[in-house]
Amino acid sequence: MNLFGGYSLTINGENVCSEKKLDVINPATEEIFATAPDASSDQLDSAVAAANIAFTTWKKTSLSERQELLRKAGELIQNHVDGLAELLTREQGRALNFAKAEVEEAIQVFFHYASMDIPTKITEDSETRRVSVHYEPLGVVGAIAPWNFPLTLSSWKIAPALLAGNTVVIKPSPFTPLCTLKIGELLKDVFPAGVLNVISGGDDLGPMMTAHPGFSKISFTGSTATGKRVMENCSKDLKRVTLELGGNDAAIIMPDVDVDKIVESVFFGAFYNSGQICVATKRLYVHADIYDKVMVSLVNLVKTVKVGNGLDEDTVLGPIQNKRQYQRVLSLIEDARVAGLTLIEGIAPKDKGYYVPLTLVDNPPSESRVVVEEAFGPVLPVIKFDNIDTLIEQVNDSVYGLAASIWSGDTEKAVAVANQLDTGTVWINENLYLPLSTPFAGRKQSGLGVENGEEGLLGFMAEKSIYIPK
Ligand code: NAD
């Protein structure tokens with residue numbers, strides 16, 4: 001298969017072209033390097049119709065049959081790891097070895113769900129009655145993905161939705177459609193026609209999906225602002241909805257840590273993928289006793305970690321993925337500069353590409369934009385604290401509640417802090433680890449519903465309780 005051209009929609013088991021096209025820009029060069037289909041509303045209708053027809057037979061397949069096909073899907077993608085990784089670097093910007101890690105992770109998602117069972121729960125088995133709860137598929141799932149981890153976040157939706165017995169229409173971000181389109185083409189003959197459909201398009205395609213009556217559920221990952229629009233549209237016919245949204249994750253470094261041991265993990269927790277991770281550390285709180293030492297180490301990393309084109313061998317961190325986000329991050333930095341905050345910047349290419357130098361903001365006030373807003377870029381405010389109780393209140397005083405990390409030599413104390421944080425995930429002395437076996441869920445405006453874990457799988461299903469008197 002040619003991964004570097006001929007991008008098409010996958011509708012009803014066929015490769016389909018579109019009249020209109022989307023330009024796809026390489027963020028490292030700002031050049032248009034490919035065009036992707038821009039699906040029409042008729043093509044969306046065809047995909048949804050095909051998925052609804054396919055659902056009538058797919059939902060009756062056995063669990064083991066669906067597991068087997070998910071395994072085959074993982075094996076097929078495995079034959080294209082290097083090509084997909086290069087394509088991912090070109091469209092997303094990340095360094096090639098990290099792009100490869102994402103392709104491999106997506107494959108593991110298919111294998112993981114291929115080995116998962118669907119439970120039946122017995123809630124009463126008394127002398128007079130047996131009550132059991134069964135889980136059934138919902139219908140057609142509309143999956144909408146962002147541009148920061150196009151393959152991982154798509155596979156987090158496709159694999160559990162299909163295992164549950166649903167059919168899927170997935171829409172990647174218009175900024176990063178290519179790898180997902182190729183996954184559709186690759187898996188076209190693995191699943192029966194109409195079971196997995198992939199459509200790419202411009203800004204109007206997402207709202208058309210959420211308004212479409214043919215979907216039973218929308219599984220969305222993206223920004224909080226868009227998530228609210230998705231929920232509003234889905235409310236009109238009460239579609240089920242899962243929303244994985246933005247965050248403003250805090251990392252807290254207690255005074256009893258070994259700074260040299262943790263600082264690199266803390267750094268990459270904020271700057272990996274150039275900060276474009278929902279669960280990246282977006283505000284770092286460091287105890288006053290060790291603040292200066294932590295800053296020295298962070299400054300050293302900011303000044304030395306290589307930012308560049310993801311295809312260059314020595315690149316560690318790439319550009320911002322798209323111009324809109326690039327301008328947003330630059331405006332946040334400019335705002336901090338105008339406010340007179342102290343910025344420490346690394347080095348990044350200047351001529352072409354959406355590059356932002358890795359940037360630390362030295363002890364900004366807690367109400368600064370750079371502390372309050374989700375940067376989603378390589379900008380990290382580092383804030384001094386001395387009272388953990390006050391800090392916990394400050395960390396919780398956010399509209400977001402996605403994740404947090406605590407770095408401490410005393411696990412018991414760290415757990416006591418973790419218990420008081422209003423987030424769906426808390427890491428102690430690590431970060432960014434999201435195993436598929438464990439539910440991932442945002443609180444407050446970071447989301448609604450769950451991905452991964454048994455809870456995530458059951459989010460693609462409907463309960464049916466059956467009562468049998470004895
Ligand atoms: P975005 O909300 O702009 O777009 C996400 C997807 O929604 C894209 O496919 C887009 O085309 C589509 N879309 C746009 N408008 C829509 C509408 N009105 N209705 C339906 N779909 C629409 O987000 P983004 O800029 O692609 O991604 C960055 C954001 O995603 C960040 O805020 C980040 O924190 C968040 N994110 C969250 C998670 C998580 O799991 N919580 C993971 C990754 C990214």
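A polar contact is a pair of N or O atoms within 3.5 Å; within protein, one must be able to donate a hydrogen and the other to accept it, and residues adjacent in sequence count only if both atoms are side-chain atoms.

First, the ground rules. This is a predicted model, where local features need pLDDT of at least 70, side-chain atom pairs count only at pLDDT 80 or more, and totals for chains, interfaces and linings use all residues. Residues are numbered from 1 along each chain as its sequence is written, and side-chain values use heavy atoms, with hydrogens and water left out.

Now, the ligand. An oxygen atom of the ligand is 2.8 Å from an N or O atom in the side chain of Trp147. For the side chain of Lys171, there is also an N or O atom 2.8 Å from a ligand oxygen. At Gly222, a polar backbone atom lies 3.2 Å from an oxygen of the ligand. The protein covers 92% of the 850 Å² of accessible area that the ligand has on its own. Accessible areas here come from the Shrake-Rupley method with a 1.4 Å probe; for residues, only the protein chains shown count as cover.

What surrounds the ligand? There are 28 residues, each with a heavy atom within 4 Å of it. The closest are Ala145, Ser223, Thr226, Leu245 and Glu374. By type, the shell has 15 nonpolar, eight polar and five charged residues. Helix H7 (205-211), strand E10 (217-221) and helix H8 (224-235) each supply at least two of the shell residues. H8 gives the largest share, three residues. Helices (H or I, at least four residues) and strands (E, at least two) are DSSP runs, numbered from the N terminus.

Next, helix H6, residues 178-187. Ten of its ten residues are buried, so H6 is largely enclosed by the rest of the structure. Buried means under 20% relative accessible area, exposed over 50%, partly exposed in between (1.4 Å probe, protein chains only). Among the buried residues are Lys182 and Glu185.

Last, some loops. Asn431 sits between strand E19 (425-428) and strand E20 (443-444). Is Asn431 buried or exposed? Asn431 counts as buried because its relative accessibility is 16%. A polar atom of the Asn431 side chain lies 3.1 Å from the backbone oxygen of Ser265.

Leu432 is in the loop between E19 and E20 too. Its phi is near 65 degrees, a positive value in a residue other than glycine. Leu432 is partly exposed, at 25%.

Note on methods. Nonpolar A, V, L, I, M, F, W, Y, C, P; charged D, E, K, R; others polar.
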